[in-house]
Amino acid sequence: MRSVCFISITLACIVSQSLYASERKDPIVIAHRGASGYLPEHTLEAKTLAYAMGADYIEQDLVLSKDNHLIVMHDIYLDEVTDVASKFPDRAREDGHFYTIDFTLPELKQLRVTGPFVNVLGKKVPKYGKRFPLWHSQFQLATFEEELELIQGLNQSLGYNTGIYPEIKKPYFHAQVGRDISRAVLQTLKRYGYTKPDSNVYLQSFDAEELQRIHQDLLPAMDMEVPLVQLIAETDWEEKRVQQAGQWQNYDFDWMLTPEGLKRIAGYATGIAPWYPMLINDNGTESTLLTEARKLGLRIHPYTFRADPLQIPGSYRNFDEFIALYVDLLQVDGLFTDHPDKVRRYLSTRRERQPREEIFP
Ligand code: G3P
Ligand code: CA
């Protein structure tokens, strides 16, 4: 796995970039799983808070239920954000996981949702320290339709035009059980009016072959022109598995980091969403990925910026300094963040700050 090596931002760079920061358009703020730094991820409550915090786009990770409803949740498993193990103890598969696709929507609605947790010595421990307390209050899983109606309803009642940023989760997994999740996502987008490049939607996936299929076949057949974003992962994250010589293996993502790979991506996608360390080399220079993507005119939306103390890389003194590098120096076009209020605040105050104040907050 790539080593997470972060550069120290030189004062000179920040000064020079700050001088013309005010001339640039702000990058878009993408609420990663909602305002997930404050409320359980992907709940309608977390999405409402993200909306109120001024996110430009709100993200939906999507998986299918047994009865073909699109459920907004990050994993194909229910294990780490719900009480499925106590409500349906006999429904785990042999690998120990409870799969969303094995449950109907009425069953999924019985589950209680909480923030992500991990099991440590048989005890459930929050994945991100001091966020919203585990199991407090009452939260439910939501369908894609419910969330679109929430965001569109708020757009009408408040008068903003907040966008959506759905991700098709693991098309290869859904295909194994005969499901076409991409078609289901596009059908829902079309039903809710997200059909054109200016419909305030980006559609993302880690699966390059599936995005090409969407670009070449599904979108034209459905008379849609939704902009696509290629997510880029480390190969060992298991975002996609493929069969080679009868063996299941991790899909190799490395081609996406090359100039040729990016040219290929530019043939079907409007942008890329890389893990943020991929934009910087270990010696502090900008990566080939960043340079070449910019040359090709691809939008660059790195993930995921978290303000929890343990999630800010050690070479930054605070969250503002962390995102300053990506906003002002690398000049990305958008950021996925669990803390949309903090990114929004940084963007709105940086224009007023003098370079000296930005260096010494
Ligand atoms: O989709 C952007 C970012 O969310 C990718 O990572 O694993 O949180 O879906 P993940
Ligand atoms: Ca995602």
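**Reading the assignments in a predicted model**

Q: Why is leucine 121 called exposed in this predicted model?
A: Leucine 121 has a relative accessible area of 87%, and exposed means over 50%, so the residue is called exposed.

Q: Where does leucine 121 sit, and what makes β4 and β5 a pair?
A: Leucine 121 is in the loop between β4 (117–120) and β5 (123–126). Two strands pair if at least two bridges are found between them, and because 4 bridges join β4 to β5, they count as paired, running antiparallel. Asparagine 119, for example, has lysine 124 in β5 as its bridge partner. The two strands form a hairpin with 2 residues between them, and leucine 121 in the turn has a positive phi of about 50°. Leucine 121 also contributes, with Val118 and Val120, to a nonpolar surface patch of about 300 Å².

Q: What makes the arrangement around the calcium ion (ligand 2) irregular?
A: The ion is coordinated by Glu59 (OE), Asp61 (OD) and Glu167 (OE), at 2.1 to 2.4 Å. Six donors count as octahedral if opposite donors are over 155 degrees apart and all others between 65 and 115; the 6 donor atoms here subtend angles of 61 to 154°, and the arrangement is therefore irregular.

Q: How do you know that glutamate 167 and lysine 169 are buried and form a salt bridge?
A: Buried means under 20% relative accessible area; glutamate 167 is at 4% and therefore counts as buried, and lysine 169, also at 4%, is therefore buried as well. A salt bridge needs a side-chain nitrogen of Lys or Arg within 4 Å of a carboxyl oxygen of Asp or Glu, and because the closest N and O atoms of this pair are 2.9 Å apart, the contact qualifies.

Q: Why is arginine 350 called buried, whereas aspartate 26 is called partly exposed?
A: Arginine 350 has a relative accessible area of 3%, which is under 20%, so the residue is buried. Aspartate 26, at 28%, falls between the limits of 20% and 50% and therefore counts as partly exposed. Their side chains meet in a salt bridge (2.8 Å, N to O). Arginine 350 lies in helix α12 (residues 340–350) and aspartate 26 in the loop between α1 (11–21) and β1 (28–31), so the pair ties together parts that are 324 residues apart in sequence.

Q: Why is methionine 53 called buried?
A: Methionine 53, in the loop between α2 (44–52) and β2, has a relative accessible area of 18%, and because buried means under 20%, the residue is assigned to that class.

Methods: Residues are numbered from 1 along each chain as its sequence is written. Chains are lettered from A and ligands numbered from 1 in the order in which they are written. This is a predicted model: local features need pLDDT of at least 70, side-chain atom pairs count only at pLDDT 80 or more; totals for chains, interfaces and linings use all residues. Side-chain values use heavy atoms; hydrogens and water are left out. Donors are N, O and S atoms within 2.8 Å of the metal (3.2 Å for Na, K and Ca); water is not among the atoms, so sites may look incomplete. Four donors count as tetrahedral if all angles lie between 85 and 135 degrees; four count as square planar and six as octahedral if opposite donors are over 155 degrees apart and all others between 65 and 115; anything else is irregular. Patches are made of residues with over 30% relative accessible area and no salt bridge: like charges are joined within 9 Å, nonpolar side chains (Val, Leu, Ile, Met, Phe, Trp, Tyr) within 5 Å. Accessible areas come from the Shrake-Rupley method with a 1.4 Å probe; for residues, only the protein chains shown count as cover. Buried means under 20% relative accessible area, exposed over 50%, partly exposed in between (1.4 Å probe, protein chains only).
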